[in-house]
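Please keep the sequence and the model in view while reading.

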Amino acid sequence: MTNKIKVEHLDFYYGNFQALKDINMDIHQNKITALIGPSGCGKSTFIKTMNRMFDLIDGTKATGSISFDGTELLDKNLDVVQLRKRIGMVFQKPNPFPKSIEENVLYGVKRHGDVPKSEWDELVKTSLKKASLWTEVEHKLNQSAFSLSGGQQQRLCIARALATKPEVLLMDEPTSALDPIATAKIEELLEELKKEYTVIIVTHSMQQAARISDYTGFFLNGELIEFGLTKTVFSNPTDKRTEDYITGRFG
Amino acid sequence: MGKTSKRRRLAQRLFLNKFFEYLFLAAILLSISVLLILVGDVLRKGLGSLDWSFITSMPSSRPERAGILPALLGTLWVIGLTALISIPVGVGTAIYLEEYANKRSWFFRIMNINIGNLAGVPSIVYGILGLTVFVQLLKIGPTILAGALTLSLLILPVIIVSSVEAIKAVPSSVKEGSYALGVSRWRTITGVILPMALPGILTGSILALSRAMGEAAPLIMVGAVGFVTFLPDGILDRYTLLPMLIYNWTSRPQDAFAQIAAAGIIVMMILLLITNITAILLRRKTQNRVE
Amino acid sequence: MEKRKRHQTEEKIIEIGLILVSTISILTTIGIVITLFYESYEFFMEVSMIEFFTTLRWAPVFDPPSFGVLPLLSGTLLIAVLSSFISLPLGLGSAIYLSEFASKKMRQLIKPLLELLAGIPSIVYGFFALTFITPLIRQILPDTSVYNALSASIAVGIMTLPMVASLSEDAMMAVPDSIRQGAYALGSTRLEVALHVIVPAAFSGIAASFMLAISRAIGETMIVAIAAGQTPTFTLNPLESIQTMTGFMVNMALGDIQQGSIEFKTVFVVGALLFLVTLALNFIAKFVIQKNREVY
């Protein structure tokens, strides 16, 4: 088993507010790591440090170390454009671009320019297949992405992220805006995705974490309270607060 | 694709990003430097002629003796009268649209389309309307009143739109609170809605009036003149205004007239600055309260 | 009971009063249309439409007069096109910078300055064109006439630039941040997010701002009256003296013309043409916005 990402002593600040306190975590390759905890606990902030999305917000600061295959992600001189190609992200609400379905999938490769034009059609097909959306859209690739349902839009966003061939996929509560059927589809999909990708998923649903993940981390007030194999965390938590949370005493 | 070509492509993208960032910034800086050059140019040409007697003298065909008093007073007369006409009409219309009209009625829809279109009509066209209706048809003649009526129609759409926005911004809970106490519609409007919307309405109205203050085209059409040697004394007097006088002086070939035109511009810009700062202060006051 | 009744009548009277006040803006439109088209109708009783729209000489006060409006149209077109070379690219560039590159502080600093630029009266721009821009042009191109289309166009372009900048910026700011984040998460540079995602998404608003700026340039009067000249010339040479529709109207109004004469009616027929052209542009702008409104 290999560590894909190693987080050490990570602190994170929004202005004067410390949102993450001394986080240490190993993310394992080709596994699904779920992050749970009540809202405002820092789990979303945490995954946004890994593709440096916080750069877009004024007054944020991260210290400590996040090592990704040996590259230091918090390095000021790191090229975030390159980084975000290798670490893809899917957001809470589906956010397709106001373009056609095909254009959405091709957006990343067109920018990065590392796939020859002749392979684009194939790439669209494989990406949409991996996101199990292909059969639903194969005859309307030129239609606006907004014509799709919410669940389909979210799978399109997954396909869009996969098309740039990332190694890691960050998912920030990807099913919170979806109905149960669409949610089930995406959960099924995750099972497939972990064969090729390392997945980190933030979820507000403990059941979801228990169903789909290999590892689980529990965040509370900016601290990582507990981290380990999902089975262990759910059946035999070491910290009282974790137990209280997963048994529904708060949250 | 090789690693070096990949790296080259990335470097190129990052370069383009920086290059265009500076290009876009240059676009802004260019616009702002034009502003500075324009103000500097006007000051350089006009400051020499600007003194107290320039403000208190009559225009003259000899530039060194000319002053702007009738134009300054004319501007104040016309803009003052325009405010008296346009603000009640504009606010009244806004009240009707926001508080009375059925938002699905044809009247409401026509009003909205109409106001949008009126805002896009060139100001000189309002001048033609003023000439036909006020000067000729209603036989008001080329007087201060005709000018003010014409400018009122010109800025009416702006006042209506900004008043509607200000009234909309009053929280509906406040209105409902008043209605729940059994207060009638009109009493609610005068007692609760208008006082809360007032700073917003005034800001919009002042900005509209400051636009009117710089207008010359429609006033040329309704017979404002570029050169008078008497002071306005009532709303049925003939008149000139600052923009008219500036236009008159600018169209003369001699350099000395360009200089006093610049001095006139300085006076007009000071007036505009005062009105705009008033508007900005009022706007800040409203923003503070909402936050 | 008595009191309630009085209240109700009072409310009714007020409502009727407000309706009457509201109709003033509709009466304005009706007034404009009737005024312009009644006199235009009279004009075309005396001058044929064919002469008006196809001949190349505009000299209504000459003897014999001739009424070919094309020189005025070409003059107006010249100003509209040349000024948009300045206002559209600079305005859009400024808008992209403000919405996608600038920090919040930068934006707060720059926006009031652009507003100031927008608040300067056109008479001042006219003065600036004639006494600053024109001498500058004539230093570089000595054959340029004192009154020329280029100088006026530059001033008109500067005047309409803030409008393009602020309306385009509004349209780009209206694109939801989630879409922006999606693009960044795929590894886009700021420029790529701006050009490939935000500008296309805000396209209708940007196009509308272009249309409105052109419409404003066409209706702009004082700058062209001062700096572009008073010679109706059918030309596309920006260094020549020309006359626009608005410039002609001002020129006529300053002179002494007999009400009811054919010269007097030309002001209305040109006004009607100006009204129709700007109205059409405004309608197209509105249509573009409504047609392409994305529901995010």
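## A helix pair in chain B

In chain B, helix α7 (residues 172-180) and helix α8 (residues 185-213) pack at an angle of about 165 degrees, and their axes are 10 Å apart. The axes are lines fitted to C-alpha atoms, for helices over the stretch in contact, and angles run from 0 to 180 degrees between N-to-C directions. Helices (H or I, at least four residues) and strands (E, at least two) are DSSP runs, numbered from the N terminus. Two packed helices are described by the angle between their axes and the distance between the axes. α7(B) and α8(B) are therefore roughly antiparallel to each other; angles under 35 degrees count as roughly parallel, over 145 as roughly antiparallel, 65 to 115 as roughly perpendicular and the rest as oblique.

The crossing of α7(B) past α8(B) is right-handed. A crossing bears that name if the near helix is turned clockwise from the far one by less than a right angle, and is left-handed if the turn is anticlockwise. On the α7(B) side, the contact is made by Val174(B), Lys175(B), Ser178(B) and Tyr179(B), and on the α8(B) side by Thr188(B), Gly191(B), Val192(B), Ile193(B) and Met196(B). Two residues are in contact if their C-beta atoms, placed from the backbone, lie within 7 Å. The residues of this contact of α7(B) with α8(B) comprise five nonpolar, three polar and one charged. Ala, Val, Leu, Ile, Met, Phe, Trp, Tyr, Cys and Pro count as nonpolar, Asp, Glu, Lys and Arg as charged, and the others, Gly among them, as polar.

## Basis of the model

This is a predicted model, in which local features need pLDDT of at least 70 and side-chain atom pairs count only at pLDDT 80 or more, while totals for chains, interfaces and linings use all residues. Residues are numbered from 1 along each chain as its sequence is written, and chains are lettered from A and ligands numbered from 1 in the order in which they are written.

## The chains

| Chain | Elements | Span of C-alpha trace |
|---|---|---|
| Chain A | ten helices and ten strands | about 55 × 40 × 35 Å |
| Chain B | eleven helices and zero strands | about 75 × 70 × 35 Å |
| Chain C | twelve helices and two strands | about 80 × 70 × 35 Å |

The radius of gyration of chain A is 18 Å, close to the 18 Å that the globule rule gives for 251 residues, so chain A is as compact as a globular protein of that length. The radius is taken over C-alpha atoms, and the globule rule is 2.2 Å times the number of residues to the power 0.38.

From the N terminus on, chain B runs α-α-α-α-α-α-α-α-α-α-α. Chain B is more spread out than a compact globule, because its radius of gyration of 25 Å is well over the 19 Å that the globule rule gives for 291 residues. Chain C, read along the sequence, follows the pattern α-α-β-β-α-α-α-α-α-α-α-α-α-α.

## Domains of chains B and C

Domain bounds come from an automatic or database domain assignment. Chain B is divided into domain 1 (3-49) and domain 2 (55-290), and 35 Å separate the centres of these two domains of chain B, taken over C-alpha atoms. Six residues from domain 1 of chain B and seven residues from domain 2 of chain B form the contact. The side of domain 1 of chain B that touches domain 2 of chain B has two nonpolar, three polar and one charged residues.

Chain C is divided into domain 1 (2-46) and domain 2 (69-253 + 273-291). The centres of domain 1 of chain C and domain 2 of chain C, taken over C-alpha atoms, are separated by 34 Å.

## Contacts between chains

Between chain B and chain C, 67 residues of chain B are in contact with 63 residues of chain C. Helix α1 (residues 3-46) of chain B gives the largest share of the side of chain B that touches chain C, 19 residues. That side of chain B divides into 45 nonpolar, 17 polar and five charged residues.

Chain C also touches chain A, with 18 residues of chain C in contact with 24 residues of chain A. On the side of chain C that touches chain A, α7 (177-185) and α8 (190-201) of chain C each supply at least two residues. The largest share of this side, six residues, comes from α7(C). By class, the side of chain C that touches chain A has eight nonpolar, seven polar and three charged residues.

## Local backbone features

The peptide bond from Asp63(C) to Pro64(C) is cis, with omega near 0 degrees. Pro64(C) lies in the loop between β1 (58-59) and β2 (66-67) of chain C. In chain A, phi of Ser132(A) is near 40 degrees, a positive value in a residue other than glycine. Ser132(A) is placed in the loop between α4 (120-130) and α5 (134-137) of chain A.
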